[in-house]
Amino acid sequence: TMHKKLTISVIVLGIAFSSSSLPEQDLKESINRGKEVYATSCQNCHMEDGNGVADLNPPLAKADYLKKPTKTLIGVMLEGQTGEVVVNGKKYNGAMPALDYLTDIQIADVINYTKNSWGNKIPGVVTPAAVKAQRK
């Protein structure tokens, strides 16, 4: 029946969109949206070029830290970070505030943006569902 086919199509689409690999076009859109979030919420400390501020705020450009598990990156966004952090072999001891006021989509988008900007090409797509699952 038509209804049964439609139901199966919706289920198949749901599975396709819930998987962690977004279609390339969706990733591009996420990165574009993430650039806007970065400009308003991250750029003051990490700078427009992603190079951070020497001895204060770590770089995101060519940053080995962004290769950490997605859960770690989402955690930093939701909970902030204090204490020593090592990025590219250099110690930083600034404090990053929690950005938990951002939506799940904004957090996913900005992480996707940073993982694919300033010479970064770090595999793995962050989805809003992954952010939502980690929110306390």
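**View 1. Cover over the buried side of helix H4.** Helix H5 and helix H6 (128-134) are among the elements that cover the buried residues of H4, where helices (H or I, at least four residues) and strands (E, at least two) are DSSP runs numbered from the N terminus. In H4, the residues Leu73, Ile74, Gly75, Val76, Met77 and Leu78 are buried, and buried means under 20% relative accessible area, exposed over 50% and partly exposed in between (1.4 Å probe, protein chains only). This is a predicted model, in which local features need pLDDT of at least 70 and side-chain atom pairs count only at pLDDT 80 or more, while totals for chains, interfaces and linings use all residues. Residues are numbered from 1 along each chain as its sequence is written, and side-chain values use heavy atoms, with hydrogens and water left out.

View 2. Beyond its neighbours within four places in sequence, Met77 is in contact (heavy atoms within 4.5 Å) with residues including Met96, Leu99, Ile107 and Ile111.

View 3. Most residues other than glycine have a negative phi. Met47, in the loop between helix H3 (43-46) and H4, has a positive phi near 70°, and Met47 counts as partly exposed because its relative accessibility is 29%.
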